[in-house]
Amino acid sequence: MPGNILYSANIPGLRMEYSTLKPDFSDRVKYPGWLAIHLPRLPLEVLAQEDGLPLAVAERQGGRRRILLCNAAAAAAGVAPGQAPAAARALSGGLRILARNPRRERMALEELALWAGRFTSRVVLEWPHGLLLELAGSYRLFGGPGRLTDALERDLQRTGHLCHTALAPTPAAAMLLARAGRRERVTDLPGLPRALAPTALGLLPLSGEQRQDLQDLGIRTLGELLALPAAGLARRLGPEPAAWLERLLGRQPDPRPPFPFPDRFHQRLELPAEVSSRQALSFAAHRLLLALAGFLTARQAGCRRLCWSLGLGEGREQGFVLGLQLPERDPERLLELLRQRLERVRLAAPVREIGLRVEELEPLAGRPAGLFPETPARPDPGLPERLQARLGEGAVCGLEVVPDHRPERAWRRTEPGAGGCTEAGHRPWCGRPPWLLPAPRPLPVDGRGRPCLDGPLSLEGERERIETGWWDGRPVARDYFVARTASGARAWIYRELGGGGRWYLHGWY
Amino acid sequence: MSANLERLLQHHPELRRGPGMAAAPEKGIPTGFPVLDRQLPGGGWPGRAITELLVGGGGAHALGLLLPALARLSREGRWIVLVAPPWLPYAPALQAAGVDLARLLLVEPAAEPDRLWALEQALRSGGCSAVLAWPRRLRPSALRRLQLAAEAGAAGGFLFRPFAAAAEHSPAALRLRLAPAGDGWEIDLLKRRGGWPLSGIRLPLRPAE
């Protein structure tokens with residue numbers, strides 16, 4: 001048991017760690033742990049950025065357009081949900097009313113569902129209110145329900161949504177508490193009725209008539225409702241609300257269809273406002289990277305190729321690929337690479353939409369948030385990408401040997417890390433210079449026909465004849481020499497055979 | 001020899017080490033030239049510091065001098081990075097010298113500031129064993145940054161600079177001037193940690209096998 005080993009190691013910090021974790025583990029298998037995430041302002045968030053001006057979202061309810069939600073500036077002027085748009089405009093002169101966009105809300109919810117893959121693979125989409133995450137299976141990995149929900153909330157804040165969360169042993173109770181805006185953390189079933197008691201009747205799935213009926217009885221909260229005899233309640237309200245209450249309290253099963261994590265990641269994000277600054281762009285892209293990280297964690301995979309597309313409006317699109325040497329899924333590292341890559345992207349127009357597509361996944365084992373957060377210094381496999389992200393892909397490469405006798409064709413550029421040994425073993429010192437000129441440089445000759453480079457060169461050692469390449473139309477016929485300059489440097493030069501017999505400088509030792 | 005010294009130091013309290021040599025220097029990267037190794041603190045190129053190689057003579061480009069060390073480092077697994085070399089590093093010659101080309105990274109930024117950036121990134125990353133660069137101009141403050149980056153990333157930084165740079169103050173751990181001479185190199189150690197300057201070390205063109 002790793003726990004025992006930790007305990008016997010007499011390190012004060014670790015002992016404390018273990019003993020504080022212990023009570024958290026005690027109830028981990030007894031009850032499911034449903035975390036509800038409620039997004040009360042999602043219809044507003046997907047449509048516009050908060051700019052302090054009065055704004056409302058309207059939708060058709062029973063044949064009439066009604067205000068669904070408004071921001072603080074509009075509420076201050078007296079605008080409230082349920083009003084007719086005309087009435088709302090009368091209250092607030094500059095009020096902007098936007099039509100609700102369920103498609104964008106659904107996309108945002110799916111993005112969050114993918115994000116949640118970082119914490120659990122059991123995610124339920126609760127349209128239109130939010131998400132449900134079954135977390136009990138992940139308690140141990142994260143060090144108990146308290147730590148897990150704290151870590152999750154911190155991460156949730158980075159997605160930029162206003163969220164209310166609540167933890168409860170049944171999905172219906174968790175969502176009810178989250179919608180009530182009560183940040184409860186209920187981990188056991190017996191404690192549930194007390195936690196639910198203050199909930200107002202307005203949040204329960206009751207018809208107006210049923211609610212009125214209960215209010216006439218003097219019942220205002222769920223607690224008072226639950227205090228009534230169950231049989232009478234079913235008779236008074238009908239079977240459906242009674243069955244819902246049974247599921248709420250965990251007396252009846254409440255199966256939920258899980259969110260199916262897709263095989264590939266393909267998410268688009270329509271931006272609430274046009275964006276032309278790289279900073280704002282990377283901020284928006286961060287949300288996609290958080291979703292990607294969740295998706296990859298749920299699939300225990302990493303990726304090496306991120307295809308980005310930037311929608312510029314009127315069907316125009318601009319794309320680029322972020323390539324990596326090794327599979328990765330850490331959103332912060334990916335964001336850093338993206339930021340550097342974005343510096344080289346020239347935007348043709350302001351961006352309205354960002355898309356991220358990842359087709360190929362590669363296995364990447366889980367990296368649990370360990371007891372020792374500092375990872376030891378390790379070689380950095382991401383260096384080529386970091387350099388490429390800022391300098392361009394062409395500016396970073398590896399080298400490879402090509403079996404060809406023509407010196408200028410005996411090598412080529414490759415992907416970083418790709419140029420392994422093509423031949424078995426290495427030959428002993430082969431006499432080639434470590435430097436090659438990108439193109440042979442013609443050398444002048446003096447009166448006695450000697451090649452010159454800052455004065456006449458003196459030839460040393462053996463001549464090497466290279467005569468080859470007749471088959472592909474680029475033949476070379478040359479005599480190579482090592483030559484010494486006046487200052488003592490060694491040059492690799494050759495004389496063309498045939499033609500004018502001209503001299504060229506081709507390399508340096 | 002050193003065992004005798006140790007015995008002398010132990011038995012004669014009036015003998016003591018000079019302050020510069022008190023701490024044994026960190027082990028260096030063997031250069032492949034025993035004559036040179038004997039003169040370098042740590043017995044080789046500094047493994048986590050900047051080495052300045054001042055080269056002159058229009059063509060003494062000295063990459064050959066580093067090849068034995070690069071061959072050894074390339075088998076260690078981390079990257080060997082060449083930032084903006086003046087010509088093409090010739091793959092067949094590097095491979096013949098034993099360098100594993102799979103570990104070699106050629107970085108060619110277009111602009112001078114990007115070169116400095118790439119150089120510092122590579123040194124600091126921890127993923128490189130050696131970083132070679134041919135900077136045109138280098139302020140002492142930039143050199144100090146690079147020295148810190150090399151320490152942080154445990155990388156050997158090799159800067160090839162013109163003779164004229166010898167006049168500038170330098171925070172580099174090792175500074176040497178080299179020129180072609182006879183059938184090999186002549187090296188002057190201008191600065192080394194824990195030792196005096198030394199001139200006139202003769203090296204052959206090819207390392208001892």
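Residues are numbered from 1 along each chain as its sequence is written, while chains are lettered from A and ligands numbered from 1 in the order in which they are written. Because the model is predicted, local features need pLDDT of at least 70 and side-chain atom pairs count only at pLDDT 80 or more, whereas totals for chains, interfaces and linings use all residues.

**View 1. The contact between chain A and chain B.** Chain A brings 44 residues to the contact and chain B brings 44 residues, two residues being in contact if their C-beta atoms, placed from the backbone, lie within 7 Å. On the side of chain A that touches chain B, at least two residues each come from α17 (383-391), β13 (396-401), β15 (435-443), β18 (490-496) and β19 (503-508); helices (H or I, at least four residues) and strands (E, at least two) are DSSP runs, numbered from the N terminus. The most, six residues, is given by β13(A).

**View 2. Strand pairing across the two chains.** In the antiparallel sense, β15(A) pairs over two bridges with strand β3 (residues 88-89) of chain B, where pairing requires that DSSP finds at least two bridges between the strands. Within β3(B), B:Pro89 is the bridge partner of A:Trp435.

**View 3. Helix α17 of chain A.** Nine of the nine residues of α17(A) are buried, so this helix is largely enclosed by the rest of the structure; a residue is buried if 20 or more other C-beta atoms lie within 10 Å of its own, with C-beta atoms placed from the backbone. Among these buried residues are A:Leu383, A:Glu385, A:Arg386, A:Leu387 and A:Leu391. After α17(A) comes A:Gly392, whose phi is positive, near 100°.

**View 4. The largest nonpolar core.** This core has 88 residues, and those with the most contacts inside it are B:Val81, B:Val83, B:Val107, B:Cys128 and B:Val131; a nonpolar core is a set of buried Ala, Val, Leu, Ile, Met, Phe, Trp, Tyr and Cys residues joined through C-beta atoms within 7 Å. Its largest share, eight residues, comes from helix α3 (residues 63-74) of chain B, and at least three residues are drawn from each of domain 4 (397-426) and domain 5 (433-509) of chain A, with domain bounds taken from an automatic or database domain assignment. Leaving aside neighbours within four places in sequence, B:Val107 is in contact with residues including A:Leu387, A:Leu391, A:Val396, B:Val81 and B:Ala118.

Methods
Buried ≥ 20, exposed ≤ 12 C-beta atoms within 10 Å, placed from the backbone.
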